[in-house]
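Open the model in your viewer and keep the selection panel at hand.

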Amino acid sequence: MAISAQLGELHRAELSAGPVEYRERGSGTPIVFLHGIVANGDVWRNVVPELAGQYRCITPDWPLGSHRLPMRDGTDFTLFGLAKLVDEFLETLGLNDVVLVANDTGGAIAQAVAARYPQRLSRLVLTPCDAFNNFLPLPIKHLQLFGRAPLGLYLLAQSLRSRAIQRLPIAFGRLTERPIPAEIMRSYTEPLRSLSGVRRDFAALVSAISTRFTEEAGRGLSSFDRPTLIVWARERRRFFPAEYAHRLADILPDARLEFLDGTGPFVSEDQPVALSRSIQKFIIETSQHRR
């Protein structure tokens, strides 16, 4: 689970699939954050403090492998099942006019929310993420193979204890320009190592990954007419190539596209201030247009 105090106070939402822990800080327009697989709310620890002075920042630990509380047996871990979970979370907290901010696998989920459950959203912010036929990206495709079998997943989880392995291209090495702090890496990797229920959830998750869902979500984005900000990394490693950002911008009816230098796909890790300023400017400008 996320350990960063700067994300705010810890709470728990009781959903039909199981409990979801989240941290909350600030007041005003609600911003809800989505992270990717083998990550949690700590991805946003350096962004939330930049925004919480003006906005209500809600940072859940979604059940994507770095959560503490397992989901119930039979939970739908397909992309649209996870999108429904997000929508139920927003409903449970009574949230409307939500700014949904997403990264990595969370960006694919956010696209599915926008395509199928847009009623509670006012804006969408996508940072480098899975889309169309890039789900999962090639460097981490092995997670679908090793993550399905109990023994393979256990061995994979234990290997992530090593800082050297964490920085390999097939792990976290392509996601940031600089190493992620050791205590944050522990928050990402320890649940898979120590909690059998989390490993069960992760096995169900990777077994349900299919590009047919991201392709369907992509087609559905043409009907999402709320303002969208796409902030992509001008990265060298092509984990999430720029052509996907352009394709998303072409499909979404009201999209603006920006690129950041000096960052990997985890732009909230490498460029949190620049990302925060882009989000704040986007919210202010689109609020003015709505008056």
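This is a predicted model: local features need pLDDT of at least 70, side-chain atom pairs count only at pLDDT 80 or more; totals for chains, interfaces and linings use all residues.

Numbering starts from 1 along each chain as its sequence is written, and side-chain values use heavy atoms, with hydrogens and water left out.

**Charged pairs**

A salt bridge here is a side-chain nitrogen of Lys or Arg within 4 Å of a carboxyl oxygen of Asp or Glu. That rule gives a count of 12 salt bridges.

Select R234 and D261. Their closest N and O atoms are 2.8 Å apart, and the two form a salt bridge. R234 sits in the loop between β7 (228-233) and α10 (242-251), and D261 in the loop between β8 (255-260) and α11 (267-270), so this pair ties together parts that are 27 residues apart in sequence. Helices (H or I, at least four residues) and strands (E, at least two) are DSSP runs numbered from the N terminus. D261 is partly exposed, at 48% relative accessibility.

Within it, the side chains of D201 and R200 meet at 3.2 Å, N to O. Which of this pair is buried? D201 is, because its relative accessibility is 2%, whereas R200 is partly exposed at 37%.

Then go to R12 and E14, a salt bridge whose closest N and O atoms are 2.9 Å apart. E14 has 45% relative accessibility and counts as partly exposed.

**Cysteines**

Select C57 and C129. A disulfide would require a pair of cysteine sulfur atoms within 2.5 Å, and a search of the whole structure finds 0 disulfides. For C57, the nearest cysteine sulfur is that of C129, 20 Å away. C57 counts as buried, at 0% relative accessibility, and C129 is buried with a relative accessible area of 1%.

**Helix α9**

Finish at T214, found in helix α9 (residues 211-220). T214 counts as buried because its relative accessibility is 1%. What does T214 touch, not counting residues up to four places away in sequence? Select L79, A108, A131, F132 and F135 to show these contacts, where contact means heavy atoms within 4.5 Å.

Notes: Buried means under 20% relative accessible area, exposed over 50%, partly exposed in between (1.4 Å probe, protein chains only).
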